[in-house]
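Welcome, and thanks for taking a look at this one with me. Below is a short briefing, grouped by topic, to read alongside the coordinates.

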Amino acid sequence: MMAIMHCWFVAIAQTNPKLAAFRSRESGDYVWVASHRADGVFAPENSISALQHALQFGCDIIETDVHLTKDGQVIIMHDHSVNRTTNGTGKIADLTLKEIKGLNLRNNWGASTSEKVPTLEEYANIAKGRTMLYLDKAGYDLPGHEQGHLVKELLKVLEKTQTLEETIFVLDWPYEKAKKIFGSYLEKVIYCPVIDDKIPNLEEYVEEFITKLSPIAFQFRFKDEKSTTFSLIPKVKASGSKLFVAATWDHHTAKHSDYISVFNRPSEGWGWLIDNGFRILETNFARDLIRFLNSENRRTLIGGNHL
């Protein structure tokens, strides 16, 4: 098994050195940028143009949201309904892909555009080999379906598009549940367990993942520095896993978020997170974060490749 995994990793390193660096235990001081809902500032959130903008900015990871239509197709949209982000109405689960494709996306000011709602397959084919996709909302249970049904549908699309190894799942499931639902795919995708004080027996949960999976990264969610979650930073760093945080939210960063970074000083938000060991930052302001990281010499991978 180890020999097979080694050959598989060598193949990734040859075809996608950036992905190989992310999956490795050695990435130096490089900080990986995850763009929230692709580029939700200059384009309709989660749209094809938002994805293209994020790629142009140089984002390493595109965070996006997935839902199943009435006829079982996976689309890219944040909300459970089309009301806010399109010129239509209704729950995604009650609409077919054809009906949803007949709608137009709205921009951030609520005006209708000519853009259509993308499918995961469309997104994956554009992102393939260029960036990683972080599929949010993947852990929701769907009425009338077995537990983990959405994940299994996502895996079918990822296998079809040959993007399993480039896709990130961030979930708060116990190890045994993750293993049961993902099966052999658990070690092919990039599975990032959540660390949050809301999780029962948090320290044991983290230890089990470190021992049985050795995740590439853990995503931290801490409202303050006194939380158990924050205290687990040294343990996760020592394990070799990367520290991931969503700077989009004050309550995930002890208020060292995008907000203070953009409206006060980057060093008080993004800089503070980096100083505490975080190497994957999710943000609403990818272009600004990348400029800050460049000024801090945080965008050069081991081997001298500047991104």
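Asp136 counts as partly exposed, at 22% relative accessibility, and Asp136 forms a salt bridge with Lys137. Please keep in mind that this is a predicted model.

**Salt bridges**

- The closest N and O atoms of Lys137 and Asp136 are 3.9 Å apart.
- Lys137 has a relative accessibility of 13% and counts as buried, because the cut-off for that label is under 20%. Asp136, at 22%, is partly exposed.
- In total, the structure holds 16 salt bridges.
- Asp60 and Lys18 provide one of these, with their side chains meeting at 2.9 Å, N to O. This pair links distant parts of the chain, 42 residues apart: Asp60 sits in the loop between helix H3 (48-57) and strand S2 (61-68), while Lys18 belongs to helix H2 (residues 17-23).
- Are these two partners buried or exposed? Asp60 is buried, with 2% relative accessibility, whereas Lys18 is partly exposed at 21%.
- Glu121 and Lys160 also form a salt bridge, and their closest N and O atoms lie 3.3 Å apart. Glu121 is in helix H5 (residues 120-127) and Lys160 in helix H6, so this contact ties together parts of the chain that are 39 residues apart in sequence.
- Glu121 is partly exposed, with a relative accessible area of 31%. Lys160 is exposed, and its value is 59%.
- A network of salt bridges links Arg37, Glu45, Asp79 and Arg84.

**A buried threonine**

- Thr229 is part of helix H9 (residues 228-231). Its relative accessible area is 0%, and Thr229 is buried.
- Which side chain makes a polar contact with that of Thr229? The partner is Asp197, at a distance of 2.7 Å.
- If neighbours within four places in sequence are left aside, Thr229 is in contact with Ile195, Asp196, Asp197, Leu202, Phe220, Arg221 and Phe222.

**Aromatic rings**

- There are 17 aromatic pairs in the structure.
- Tyr30 and Trp32 make up one of them, in an edge-to-face arrangement with 4.6 Å from centre to centre and 70° between the planes.
- Tyr30 is buried at 0% relative accessibility, and Trp32 is buried at 0% as well.
- Phe42 and Phe57 form an edge-to-face pair, with 6.5 Å between centres and 75° between planes.
- Phe57 is partly exposed, with a relative accessible area of 23%.
- Ring pairs also build a cluster out of Phe169, Trp173, Tyr175, Phe182, Tyr191, Tyr205 and Phe209.

**Helix H7 and its surroundings**

- Which residues of helix H7 (residues 175-182) are buried? They are Tyr175, Ala178, Ile181 and Phe182.
- Viewed down the axis of H7, these buried residues fall within an arc of 140°, so they line one face of the helix.
- As background, an α-helix has 3.6 residues a turn, so residues three or four places apart point the same way.
- The elements covering the buried residues of H7 include helix H6 (149-161), strand S5 (167-171), strand S6 (190-196) and helix H8 (202-212).
- Tyr175 and Phe182 are buried residues of H7, and both belong to the ring cluster described above.
- Gly183 follows H7 and has a positive phi, near 60°.

**Strand S9 and its partners**

- Strand S9 (residues 278-283) is mostly covered, and six of its six residues are buried.
- Strand S1 (residues 32-36) runs parallel to S9, and four bridges join the two. Within this pairing, Ala34 stands opposite Glu282 in S9.
- Strand S8 (residues 242-246) pairs with S9 too, in the parallel sense and over four bridges. Here Phe244 stands opposite Ile280.

Methods. Residues numbered from 1 in each chain as written. Predicted model: local features only at pLDDT ≥ 70, side-chain atom pairs only at ≥ 80, totals over all residues. Heavy atoms only, no water. Buried < 20%, exposed > 50% of the residue type's maximum accessible area, 1.4 Å probe, protein only. Pairing = 2+ DSSP bridges. Arc of directions from axis to C-beta. Contact = heavy atoms within 4.5 Å. Salt bridge = Lys/Arg side-chain N within 4 Å of Asp/Glu carboxyl O. Polar contact = N/O pair within 3.5 Å; in protein donor to acceptor, adjacent residues only side chain to side chain. Phe/Tyr/Trp six-rings, centres within 6.5 Å; stacked < 30°, edge-to-face > 60°.
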